[in-house]
Amino acid sequence: MEAAVTIVVESYTHGEGSSLDRVALALDAATRMIEEHGNGELLVADASADPALAALLRERFPETRRVDAAGLGYDEAKMKAAREASGDYVLYLDGDCIPARGWLERHLETLSEGAAGSGGFTRYDGGFLGAVESVMDFGFLLPVGERPLPCYAFNNSGFRRDELLAKPVPGGPLRCRCYAHAQLMRRAGTPVQMVPEARVRHERQPFFRERFRQGFDLVAAAWADPALVDRRLVRLGVLAAPFFYGRAVLNDQVRLARGRRQLGIRAWQLPAAAVLLPVFRLADLGGILRALVPGGRVSGVGMEASSATSA
């Protein structure tokens, strides 16, 4: 018999505003995959504490096990689910993400071949604008190909459960600390491997809210990982803002050139995408500046704690 697998669908993003219908689509997909696999379980890491979600689970997904994660952050809810999982492998699918066919099998192939962690490819819904926003938020996955990942997308990932519990996601002020976790695993000699065929479509986020958060996280990543050279840059305060903005824009252009075909951006759309990226990144500056001002780290921690509580 195949090794048991646990799929974890989270509700933190539902608490942030994703619709219950979107969560139901993710649960439908996860339920079908578990049934086809024949030896697994489906857990919901419920940080939202939404009574409507609890009712949905009772009425439509009675075989799903709910993990009470009320008041926990995004990463913390997922780690609690890992501790309560019974599968040898734990796969994470966010409640606002819809997997492509073969998603479970592709992750399990990589993990069963010895990888400690696996990371699939995530792209936002929609056409051209969804592709451009994917460059900004998931560009670290470009180009898509089999390789160790310096950062994975937690919304589309998998782990050997024993490895994840031995090397849990580290603490810190970010909503999601997948970069720090990927670096921790890499330094331990157990990097997260990319699984190109394990693809999901991610619901597009409210633009300014997401851009502010992403800008904040550009700086906050240096607090989460002391080994980063950026840790010295944050001492410059707001004077470091042009560096963080400029580096993000440069990375966007490189990733756009290397991965635009994989995002479905056509050659004639490339100039428009190249112009829009630095313009869209201007919205990140609010989060960058908040993180760099005196007391920004403290206020950022408060922001994350508040978000987790309200979820």
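**Close-up views of a predicted model**

**View 1. Ala 291 in helix α13.** Ala 291 is found in helix α13, which spans residues 285-292; helices (H or I, at least four residues) and strands (E, at least two) are DSSP runs, numbered from the N terminus. The model is a predicted one, in which local features need pLDDT of at least 70 and side-chain atom pairs count only at pLDDT 80 or more, whereas totals for chains, interfaces and linings use all residues. Residues are numbered from 1 along each chain as its sequence is written, and side-chain values use heavy atoms, with hydrogens and water left out. Ala 291 has a relative accessibility of 5% and therefore counts as buried, a term that stands for under 20% relative accessible area, with exposed meaning over 50% and partly exposed in between (1.4 Å probe, protein chains only). Between the C-alpha atoms of Ala 291 and Glu 133, which are 158 residues apart along the chain, the separation is 22 Å.

**View 2. Strand β2 and its two parallel neighbours.** Because six of the seven residues of strand β2 (residues 40-46) are buried, this strand is largely enclosed by the rest of the structure. Strand β1 (residues 5-10) pairs with β2 in the parallel sense over six bridges, where pairing requires that DSSP finds at least two bridges between two strands, and Val 9 stands opposite Val 44 of β2. Strand β3 (residues 65-68) also runs parallel to β2 and is joined to it by four bridges, with Asp 68 in β3 as the bridge partner of Asp 46. Together with helix α3 (residues 51-60), β2 and β3 make a right-handed β-α-β unit; right-handed here means that, with the strands pointing away from the viewer, the path from the first strand over the helix to the second runs clockwise.

**View 3. Leu 42 within strand β2.** Leu 42 is found in strand β2, and at 6% relative accessibility Leu 42 counts as buried. Not counting residues up to four places away in sequence, Leu 42 touches Ile 7, Val 9, Leu 27, Ala 30, Thr 31, Ile 34, Glu 63, Thr 64 and Arg 65, contact being defined as heavy atoms within 4.5 Å.

**View 4. The nonpolar cores.** The largest nonpolar core has 47 residues, of which Tyr 92, Leu 141, Tyr 152, Phe 154 and Phe 159 touch the most other members; such a core is a set of buried Ala, Val, Leu, Ile, Met, Phe, Trp, Tyr and Cys residues joined through side-chain atoms within 4.5 Å. In soluble globular proteins, nonpolar side chains tend to be buried together.

View 5. Strand β6 (residues 117-124) is mostly covered, with eight of its eight residues buried. Three bridges join β6 to strand β7 (residues 156-160) in the antiparallel sense, and Ser 118 stands opposite Gly 158 in β7. With strand β8 (residues 192-202), β6 pairs in the parallel sense over seven bridges, and here Thr 122 stands opposite Val 200 in β8.

**View 6. The largest pocket and Asp 217.** About 1200 Å³ of space lies in the largest pocket, a pocket being, on a 1 Å grid over the protein atoms alone, an open set of points with protein on both sides within 12 Å along at least five of seven lines, while a cavity is a set of points where a 1.4 Å probe fits but cannot get out, and lining residues have an atom within 4 Å of a point. Of the 48 residues that line this pocket, Asp 137, Phe 140, Gln 214, Asp 217 and Leu 218 are the closest to its centre. Helix α9 gives the most to the lining of the largest pocket, with nine residues. Asp 217 lies in α9 and, at 10% relative accessibility, counts as buried; leaving aside neighbours within four places in sequence, Asp 217 is in contact with Leu 174 and Arg 175.

**View 7. The largest cavity.** The structure holds one cavity of 30 Å³ or more, and about 40 Å³ of space lies in the largest cavity, where a volume is the space filled by probe spheres set on grid points that are joined across faces, edges and corners. Tyr 124, Glu 133, Asp 137, Gln 205, Phe 207, Glu 210 and Arg 211 line this cavity, and α9 gives the most to the lining, with three residues.
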